[in-house]
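Hello,

Here is the structure I promised to send over. Please open it first, then read my notes below.

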Amino acid sequence: MKPAKAVFFDRDGTLIYDYGYLSDPAKVRPYKHAVEALHLLTQAGYRLFIVSNQSGIGRGYFTTERAKAVNDRLRNLFLPVTFDDIVFCPHAPDENCACRKPKPALGLQLIKKYHLDVSRSFMIGDKKSDVEFGHALGCKSILVTTANGARHRRKYPDMHPDYVATNLSRAVQFILQKEQA
C-alpha cells in the first residue's frame with residue numbers, strides 16, 4: 001500500500017477560535033471557511049489529523065473527558081469533513097513529557113499507525129511549537145497568523161515556517177498549489 005499524504009493541524013487558534021484552555025463544547029467556533037478549506041484537502045486525497053497540546057488537563061483546569069467533549073463537538077461542526085484521528089498531550093509544560101509539541105511523539109505514532117508519507121505532508125498551526133513539530137516530523141510547516149501566529153512570528157525571528165498564511169483557507173491554497181507544481 002502506498003503511503004498516504006496528510007495534513008496535521010493544531011486545534012485552538014488554527015481550526016477554531018482560541019479562548020485559552022477551552023473546555024466548554026458550546027464555545028467551539030470554527031474559523032470562517034474552515035470546513036470548506038478542509039473539504040478541498042479531502043477531495044485532493046489528504047488525510048486529516050489534529051495534534052494538540054492540552055495543558056489545561058495537566059494544570060487541573062479541566063478533565064480529559066472535557067477535552068474529548070470539545071473534540072467531539074469540533075468533529076460534528078466540521079461535518080461532512082472527517083478527521084482520521086485527534087490526539088492531544090494532556091501534560092503541563094513542566095512535566096517534560098515526550099508527547100508535548102514540538103516533540104514529535106504523537107505525530108510519529110500517527111505516521112506509523114496510518115502509514116503516512118511525511119515528504120508529501122504538512123503541519124498547520126499558529127505557534128512556534130507547531131512549526132517545530134512539523135519540521136521534527138519531516139513535514140512542511142505552515143504558520144497561520146490567526147490567534148497567536150502574528151505574535152509568535154514577531155517574538156521568534158529564528159522560527160522558519162515553510163510558508164506563512166493569514167488564515168486556514170490561504171494555507172490550504174498553498175498546499176493545493178504545491179500539489180500541482
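Y21 counts as partly exposed, because its relative accessibility is 40%, and the cut-offs for that class are 20% and 50%. Keep in mind that this is a predicted model. Y21 sits in the loop between β1 and α1. Its phi is near 55 degrees, which is a positive value in a residue other than glycine.

H33 belongs to the loop between β1 and α1 too. Here phi is near 70 degrees, again positive and again not in a glycine. H33 has 42% relative accessibility, so H33 also counts as partly exposed.

Next, two prolines. L79 and P80 are joined by a cis peptide bond, with omega about 15 degrees. Look for P80 in the loop between α3 and β3. A cis peptide bond also links K101 to P102, and there omega is about 20 degrees. P102 is placed in the loop between β3 and α4 (105–114).

Now helix α3. It runs over residues 64–77, which makes 14 residues. At 1.5 Å a residue it should span 20 Å, and its end C-alpha atoms are 20 Å apart, so the two agree. Which residues of α3 are buried? They are A67, V70, N71 and L74. These cover an arc of only 95 degrees around the axis, so they lie on the same side of α3. That buried set packs against β2 (47–53), α2 (55–58) and β3 (85–89). The face turned away from the buried side carries E65 and N76, which are exposed.

Last, the nonpolar cores. The largest one has 32 residues. Which of them touch the most other members? F9, L38 and F83 do. Several elements supply at least two residues each: β1 (6–9), α1 (34–43), β2, α3, β4 (122–125), β5 (140–144) and α7 (168–180). Of these, α7 gives the most, with six residues.

Take L38 as a case to click through. Leaving out residues up to four places away in sequence, L38 touches F9, L15, L48, F78, V81, F83 and L168. Another core lies apart from the largest one. This other core has 18 residues, including A4, L110, I111 and L116.

Best wishes

Methods. Residues numbered from 1 in each chain as written. Predicted model: local features only at pLDDT ≥ 70, side-chain atom pairs only at ≥ 80, totals over all residues. Heavy atoms only, no water. Helix = DSSP H or I, 4+ residues; strand = E, 2+ residues; numbered from the N terminus. Expected span 1.5 Å × (residues − 1). Buried < 20%, exposed > 50% of the residue type's maximum accessible area, 1.4 Å probe, protein only. Arc of directions from axis to C-beta. Contact = heavy atoms within 4.5 Å. Core = buried A, V, L, I, M, F, W, Y, C linked by side-chain atoms within 4.5 Å.
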